[in-house]
Amino acid sequence: MAKRKLEQFAEFTALDNTYEFAKENKGNWASIFGNSNPIVLELACGYGHYASTLAERNPDINYIGIDRKANRMWHGATYCAEHKINNARFLRISIDDINLYFDKDEVSEIWITFPDPQPKDRTAKNRLIHPKFLLRYQDLLKPDGVIHLKTDSKLLYNFTKRVIDECKLPVYEDNADIYSWEERPDFLDIKTFYEKIWLKEGKTIKYLNFGLQKGAFDWIEDMKKYY
């Protein structure tokens, strides 16, 4: 198993649609894709299933899957390379450093699909919807940019709703059980590796779509309340 991970890591770095810690890409993603189409990120993308499927369905939008584990992203990157899906890229970085890789207003949307909910209070600051991360996303998102959260975690869903409420963020969609929603958008039918597991266990899948207007967090004086 360890040997195969190393092989996948090497194969990932050799692909033309992958990057590692490429700070020189900041502000240059339009040139990399060769067009000015909107750029959408999938954070903590794992196997990159959402990024690759969305890219295949929407050739006029550019997608970038982001994760720390190259051997996982290898699956999505290889699929895109083999199927000539040229509007998808995969970037190996830590999301803590995301602002080193994207310029101000360079991104149109962010997808966060089934992230680790970090259930313990002492690790709440590592939730990808924690205000410290939203502040980072706010800088790189366009003024009308949105965030999509898809999760099985009631804890993370409620935490996000609390942050949205306290920061008075605009909510465009809020659904606590997407598969009971008859008119749900087809992009919500894309099922990640982990989503398939949670559905077999009978868990409901929750979805939030919200915006990050500039200055939304300026009023928060005590950020420690979220740690």
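In the predicted model, Leu 156, Tyr 157, Phe 159, Thr 160, Val 163 and Ile 164 of α6 are buried (under 20% relative accessible area, 1.4 Å probe, protein chains only). These residues cover an arc of only 165 degrees around the axis, which puts them on the same side of α6; the arc is taken from the directions from the helix axis to the C-beta atoms. On the other side, Lys 154 and Asp 165 are exposed (over 50%). The buried residues pack against α5 (131-140), β6 (141-151), β7 (171-175) and β8 (206-211), with contact meaning heavy atoms within 4.5 Å. Helices (H or I, at least four residues) and strands (E, at least two) are DSSP runs, numbered from the N terminus.

Helix α6 comprises 13 residues, 154-166. At 1.5 Å a residue, the helix should span 18 Å, and its end C-alpha atoms are 18 Å apart, which agrees. The expected span is 1.5 Å times one less than the number of residues. Ser 153 caps the N-terminal end, with a side-chain oxygen 3.4 Å from the backbone nitrogen of Leu 155. Lys 168 follows α6 and has a positive phi, near 55 degrees.

The largest cavity holds about 30 Å³ of space. A cavity is a set of points on a 1 Å grid over the protein atoms alone where a 1.4 Å probe fits but cannot get out. Its volume is the space filled by probe spheres set on the points, joined across faces, edges and corners. Val 40, Leu 41, Glu 42, Tyr 50, Ala 51, Leu 54, Tyr 63 and Trp 111 line the largest cavity, each with an atom within 4 Å of a point. β2 (39-43) and α3 (49-57) each supply at least two lining residues.

Residues are numbered from 1 along each chain as its sequence is written, and side-chain values use heavy atoms, without hydrogens or water. Local features need pLDDT of at least 70 and side-chain atom pairs pLDDT 80 or more, whereas totals for chains, interfaces and linings use all residues.

Methods
A polar contact is a pair of N or O atoms within 3.5 Å; within protein, one must be able to donate a hydrogen and the other to accept it, and residues adjacent in sequence count only if both atoms are side-chain atoms. On a 1 Å grid over the protein atoms alone, a cavity is a set of points where a 1.4 Å probe fits but cannot get out, and a pocket is an open set with protein on both sides within 12 Å along at least five of seven lines; lining residues have an atom within 4 Å of a point.
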